[in-house]
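Colleague: I am new to this one. Could you walk me through it?

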Amino acid sequence: MASVLLVEDDHFVRAALIRHLTDASHSVRSVGTALEALREISQLPFDVVILDLGLPDLDGGKALKMLRGIADVPVIIATARDDEAGIVRLLNDGADDYLTKPFSAEHLTARIAAVLRRSGAGTGGRRRGPAAAPIPEVISVGGISVDPTRRAATLDGTELDLTRREFDLLAYLAERPGRVVPRKELLARVWNQPYGADKTVDVHLSWLRRKLGESAASPRYLHTYRGVGVKLEPPR
């Protein structure tokens with residue numbers, strides 16, 4: 001069971017989703033405005049937020065940015081917009097996944113399950129990991145240090161301000177220095193999506209590159225091999 005915050009201003013859609021999510025054994029709280037959502041998130045722990053973009057008081061994209069300022073809870077965007085630029089912008093702003101309306105309740109439930117698996121959530125806001133997993137050591141690749149226990153990373157001694165997904169991506173690559181990791185492997189291991197769009201990986205790689213102070217044209221640590229994958233290695 002997961003603790004879900006549903007942010008949807010359409011009363012009929014909200015009622016239907018609440019009923020379905022409750023039937024799926026999730027604990028659901030719902031609000032109809034962005035400000036109500038921000039208040040709920042600041043006061044209560046949630047495992048996942050379902051955020052409609054067409055809210056009456058504030059554009060959902062702006063609400064997402066504000067939400068990211070107070071919580072690192074996974075966010076699934078529900079939107080009628082299907083333009084690529086808008087979707088990329090939402091992913092850059094911190095969305096973990098998105099659904100294009102109209103969508104089925106079963107599709108939403110499957111996306112929630114995938115997001116919860118990736119984040120290790122589903123325990124009323126507490127994060128969990130494999131019960132018998134050993135405590136990993138700090139991983140170093142050149143000037144990058146990744147501490148999986150603290151979920152913190154530094155570059156040349158300066159802490160990096162990474163989102164949860166950026167950290168997971170960096171940690172996965174850092175555990176495999178010098179190896180070209182296929183995008184499909186990243187989707188399966190980092191996003192827990194064996195089938196998905198490479199665009200999702202590319203967006204987060206671009207974002208991570210900016211945090212590392214580099215670009216695809218002038219890489220230092222992250223090297224992309226077109227049609228193959230990406231490799232993390234120390235600068236030469």
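Colleague: What percentages of helix and strand does the chain have over residues 3-116?

Modeller: Helices (H or I, at least four residues) and strands (E, at least two) are DSSP runs, numbered from the N terminus. Over residues 3-116 the end C-alpha atoms lie 10 Å apart. The chain there is 46% helix and 21% strand.

Colleague: What should I know about the model itself?

Modeller: It is a predicted model: local features need pLDDT of at least 70, side-chain atom pairs need 80 or more, and totals for chains, interfaces and linings use all residues. Residue numbers run from 1 along each chain as its sequence is written, and side-chain values use heavy atoms, without hydrogens or water.

Colleague: How are α2 and α3 oriented to each other?

Modeller: Axes are lines fitted to C-alpha atoms, for helices over the stretch in contact, with angles from 0 to 180 degrees between N-to-C directions. Those of α2 (residues 34-43) and α3 (residues 60-68) come within 10 Å and cross at roughly 15°. Angles under 35 degrees count as roughly parallel. The two helices, α2 and α3, are therefore roughly parallel.

Colleague: Which residues of α3 meet α2?

Modeller: Contact means heavy atoms within 4.5 Å. From α2 come Ala34, Leu38 and Ile41; their counterparts in α3 are Ala63, Met66 and Leu67.

Colleague: Which residue forms a salt bridge with Arg111?

Modeller: A salt bridge is a side-chain nitrogen of Lys or Arg within 4 Å of a carboxyl oxygen of Asp or Glu. The structure holds 17 of them. In the one made by Arg111, the closest N and O atoms are 2.8 Å apart, and the partner is Asp97.

Colleague: Why does that pair tie together separate parts?

Modeller: Arg111 sits in α5 (residues 105-119). Asp97 belongs to strand β5 (residues 97-100), so the bridge links parts whose separation in sequence is 14 residues.

Colleague: Which residues does Asp93 touch?

Modeller: Asp93 lies in the loop between α4 (84-92) and β5. Its C-alpha atom is 9.0 Å from that of Lys62, 31 residues apart along the chain. Leaving out residues up to four places away in sequence, Asp93 touches Leu64, Lys65, Arg68 and Trp207.

How values were computed: Parallel < 35°, antiparallel > 145°, perpendicular 65-115°, else oblique.
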